[in-house]
Amino acid sequence: MSVLIVDGREIEFEPPATIIEACNKAGVYLPHLCWRPDFSPHGSCRVCTVRANGREVAACITAAEDGMRVENTADDIVEKRKTLLSMLFVEGNHVCPACEKSGNCQLQAVAYYHGVTAPTLTYFYPPRPLDASHPDVVIDLNRCILCELCVRASRQSDGKNVFSIGGRGIDAHLVVNSETGRLGDSELDIDDRAAHICPVGAILPRRGAFQTPIGRRKYDIDPIDVAGDASEGET
Amino acid sequence: MTPRGAQTPVTPSDPGDSLLQALVRRQWTHGGIDEIAMAEIAGRYGVSVGEVRGVVHFYAFLDDASGVTHDIRVSDNIVDRMAGSAELMALLARETGLSPGESRGPARLSFTSCIGLSDQGPSLLVNGLAMARVDAGRAAQIAERVRRGESVSRWPASWFTIEDNVRLPGRLLRGAFAPGEALGRARRIGSAALLDELEASGLRGRGGAGFPTARKWRLCAAAPGAHRVVVCNADEGEPGTFKDRVLLANHADRLLEGMAVCAAATGADIGLVYLRGEYRNLLDGLEGAISRLRAAGVIGDGFDVHVHLGAGAYICGEESALIESLEGHRGVPRIRPPFPVTRGYRGHPTVVNNVETFIAAAMVALNGPGWLREEGTPQSAGTRLLSVSGDCASPGIYEVPFGISIAEVLERCEARDTRAVQVGGPAGSLVPATRFDHRISHEDYSTGGSFMVFDDSRDLLDVVTNFTRFFTHESCGFCTPCRVGGALLGKRLDKIAGGGGTRVDVETMRQFAGVMRSASHCGLGQTASNPVMDLIEYFPEAIDARLCSMDYAPAFDLDAALREARELTGRDDPRAHLDRSEA
């Protein structure tokens, strides 16, 4: 067993493990969006940024080392996470009051956890399309945060390859791997994990909206450090 | 679907091919890649059409329609702008009737990132081929032939002449040897002695980061793998750099022999040159050198070299993105570790070095470790090729010993009234006159060789805005801080340039920069805010003079938001605008 010192508290871990894996096993909450324990780490959202032995790193792609000192709740680290979260909000079109994912949305929950309750940055208002061509699943790219969980779920869990990323820079976007580029012409099935993994409201199974009323949803009841990752498929 | 970076089978006979190379060829032969071609190529490479689309849309030089006959891309580096590229673009647009940036029709006109001709701008690419010193007369001739629809292959060859502009050659540029001489000595002394000599020489990577070359080669040699790979990074994309252009044009034989020396030291059997798409005019010469060295027996037996072409993506200069691109994918940097020396091209241990590094390594293999040590500083042995451009009488290549001061370089290139020098390109440092006594070396100002000079007539806010836009355009879009932070910086700079900026905007830019520096996935995002931060630190007056007096002004521009409504109603009279002074 090796030891990681997170904000002064010692936690044991079995190497090899990343910092976030070690913390997750020990029950220490480290805010994150693109990471899930059962998928290969990605390192794109950067919300899990911590200071490890004095260096700022993404906890999901950095190996935990014996005796490593990790700062997770330092003020400047939290400030950076808040900026990152704000960046994710303004680059897309996130209208929480009108979103059926509100209360089950991981972006919203992490933002509330860190006290980001109102936008402070300039909105981009990008024109982003909606794909309603699939009988059971809708894609609303206005809410996509490019975490690629659906890309990984389709490839690593479903044994398919329904999603990819197109474009680059601020124009990077999720694309559907079908001849027409439409979801309805892809191999996606409602039972696929990729149809339910989206941590925000970008990929939504149909006919499930508002079954749990606002006010009684996952993060309405408990904050994310208690409630954990967004449930798959819950809206 | 294999995870990125996984080890996949490779035979030494096919490393010249990939999905990207097929798309590049299709772009050349058919003026773009339409949906039918994408589907056909997807089938051939066993990937989905969506993935092919993702690759096509990642690379700036690939078009998703076919039949583009005239693709004109004007270099957008600030030094090209200073030489009149904006006026050139306006003239071309007027004379051809094309709208810049419009992506329809057989003839197209757009801006592109620096094409490596800052010493002879304004410059442009026509169907990927470089043209320098494009004055108004030449622009009119170009426009006329575009209007006539005349094939670029029939345009006068003299229009495509590129000058070397070597102003100060040193030991690296003057060095020469017969094919096989350096490799012969390397083989005679053996790989252990060769690596010792390389270490003793103090050679460090010339790409800018300065990693000790011997250490990199040793790590690769020690890593387990069925194959080992030597990659030459000829994706010289840092704006203002053009020394590899000259090295590739005139010293390709020594470069290839340097790669062969590396192969001898590491046991590599596969060699790849990643040539930036902007340097397509150098491809034939490079292929010629490969043929010559194969005939001379320097390569081809146990270690062969193939050329891959880039397609307009600065990020591919980052070594793990370069490897992704070599494998045919989008140029998104990998998670590191593992580093390429242990898991690189198709999972095999890979050395990635700069063009200049391989030539220097060949010279060390030939002459022993003392050759490099005769010049330079203790931590920075040898010489450095500087690409000097901007406000000076003699722009071009200067081979200088490490340790030379910025002031000495300015004197050499005959710069007058210099306000600032951008050392190391936009990813480097904006250096004010008070620091011109500082030195070009790994101990002081480390650089990949870009040296852009700005005199006191230049508005540095313009310069920094150009650099920031460059990074925004070239961000791969993978991680949040670089993808969004860069775009946000650009918005704030525009707000300040427009006279609507305040103190709060300057502080907000600091906040973005802090996040970009520490949280970005790779060097691009980590350095993309350098120009803005240097401007704030060293040239506050360039910003302060533009700020309005308020502490805070909303970023939301109400008047700009009404633009669409004005267009829809066909109005542009004063009453269709909001007057800022009334607000």
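In which helix does D76(A) lie?

Analyst: D76(A) lies in helix α2 of chain A, residues 75-91. Helices (H or I, at least four residues) and strands (E, at least two) are DSSP runs, numbered from the N terminus. This is a predicted model, in which local features need pLDDT of at least 70, side-chain atom pairs count only at pLDDT 80 or more, and totals for chains, interfaces and linings use all residues. Residues are numbered from 1 along each chain as its sequence is written, chains are lettered from A and ligands numbered from 1 in the order in which they are written, and side-chain values use heavy atoms, leaving out hydrogens and water.

D76(A) is partly exposed, because its relative accessibility is 33%. The scale has three classes: buried is under 20% relative accessible area, exposed is over 50%, and partly exposed is in between (1.4 Å probe, protein chains only). Beyond its neighbours within four places in sequence, D76(A) is in contact with R51(A) and E56(A). Contact means heavy atoms within 4.5 Å. H134(A) is 58 residues from D76(A) in sequence, and their C-alpha atoms are 44 Å apart.

Now take R36(A). R36(A) sits in the loop between α1 (19-26) and β3 (49-52) of chain A. R36(A) has a relative accessible area of 4%, so it counts as buried. Leaving out residues up to four places away in sequence, R36(A) touches Q106(A), L149(A), I197(A), P199(A), D229(A), A230(A) and E232(A). E21(A) is 15 residues from R36(A) in sequence, with 9.5 Å from C-alpha to C-alpha.

Next come the domains. Chain A is divided into domain 1 (2-73) and domain 2 (95-227), with bounds from an automatic or database domain assignment. Their centres, taken over C-alpha atoms, are 25 Å apart. In domain 1 of chain A, 13 residues are in contact with 19 residues of domain 2 of chain A. The two domains bury about 1400 Å² between them, 57% of it on carbon and sulfur atoms. Y29(A), L33(A) and F39(A) lose the most area on the domain 1 side, together 48% of what that side buries. Buried area is the accessible area (1.4 Å probe) that two parts lose on being put together, summed over both. Across this interface the rule finds 1 salt bridge, a side-chain nitrogen of Lys or Arg within 4 Å of a carboxyl oxygen of Asp or Glu. The side chains of D38(A) and R193(A) meet in a salt bridge at 2.6 Å, N to O.

Chain A also meets chain B. Here 38 residues of chain A are in contact with 43 residues of chain B. The two chains bury about 3200 Å² between them, 59% of it on carbon and sulfur atoms. M87(A), T122(A) and R168(A) supply 23% of the area that chain A buries against chain B, more than any other three residues. The count between the chains is 2 salt bridges. R168(A) forms a salt bridge with E474(B), with the closest N and O atoms 3.1 Å apart.

Finally, a look inside chain B. Strand β8 of chain B, residues 304-309, is largely enclosed by the rest of the structure, because 6 of its 6 residues are buried. D304(B), H306(B) and H308(B) point one way from β8(B), while V305(B), V307(B) and L309(B) point the other way. In a regular strand the side chains alternate between the two faces of the sheet.
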